[in-house]
Amino acid sequence: MKKATFLLAASLAIFLSAGAFGLSAAVDSPRTLMSRADYNAGRKAIEAETRVAFGHCRTLTGAGRDVCKAEIRATERVKVADLQARYYGTVAAAEEARMAHARASFDVAKARCNAQPGNGRADCLKSARDDRSRALAEARQATT
């Protein structure tokens, strides 16, 4: 009788230990919406697309080249922020993605304004700053 009780207790202890270990592994893992491998593959794809796009900018000259580079950098930042928002799946990550969209559009507008001559540049920059302020306020408001 003692042997049967001992075997029952030992098997129950092993079973409960395995369950506790499984719960521990589930709790310790980061809460993400995609796997780390998918996230890394997404980052590498974004970097590859960016390198190819920068190669296209090399064919341009002057202000067109600057605008092209600004557009590519902005697009890269937006794609990375969106990827992180999908990876983490948090409200903060979604807010950061919306903020990245607003900042990226401002950076592109600023590069386009710098390509304009004379007084048009100042008016363009003022308009771009106003648009940025409005977009950032909307991005913050969307979170609350």
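My entries below take the disulfides, then the aromatic rings.

**Entry: disulfides.** I kept in mind that this is a predicted model. I searched the whole structure and found two disulfides. Counting bonded cysteines along the chain, I noted the pattern 1-2, 3-4.

**Entry: Cys57 and Cys68.** I looked up this disulfide and found its sulfur atoms 1.8 Å apart. Cys57 sits in helix α2 (residues 36-57) and Cys68 in helix α3 (residues 62-88), so I noted a link between distant parts of the chain, eleven residues apart. The torsion about the S-S bond is about -80°, so I wrote it down as left-handed. Are these cysteines buried or exposed? Cys57 is buried at 1% relative accessibility, and Cys68 is buried at 9%.

**Entry: Cys113 and Cys124.** Here, too, I found a disulfide, with the sulfur atoms 1.8 Å apart. Cys113 belongs to helix α4 (residues 91-114) and Cys124 to helix α5 (residues 119-143), so the pair ties together parts eleven residues apart in sequence. I read -70° about the S-S bond, a left-handed link. Cys113 is buried, with a relative accessible area of 0%.

**Entry: rings.** How many aromatic pairs does the structure hold? I found two. One of them joins Tyr87 and Tyr88 edge-to-face, at 4.9 Å centre to centre and with 70° between the planes. Tyr87 counts as buried at 6% relative accessibility, whereas Tyr88 is partly exposed at 41%. Ring pairs also bring Tyr39 into a cluster with Tyr87 and Tyr88.

**Entry: a charge over a ring.** Last, I checked Arg132 and found that it lies over the face of Phe106, 4.1 Å from the ring centre.

Conventions
Residues numbered from 1 in each chain as written. Predicted model: local features only at pLDDT ≥ 70, side-chain atom pairs only at ≥ 80, totals over all residues. Heavy atoms only, no water. Phe/Tyr/Trp six-rings, centres within 6.5 Å; stacked < 30°, edge-to-face > 60°. Buried < 20%, exposed > 50% of the residue type's maximum accessible area, 1.4 Å probe, protein only. Lys NZ or Arg CZ within 6 Å of the ring centre and 35° of its normal. Disulfide = S-S within 2.5 Å. Helix = DSSP H or I, 4+ residues; strand = E, 2+ residues; numbered from the N terminus.
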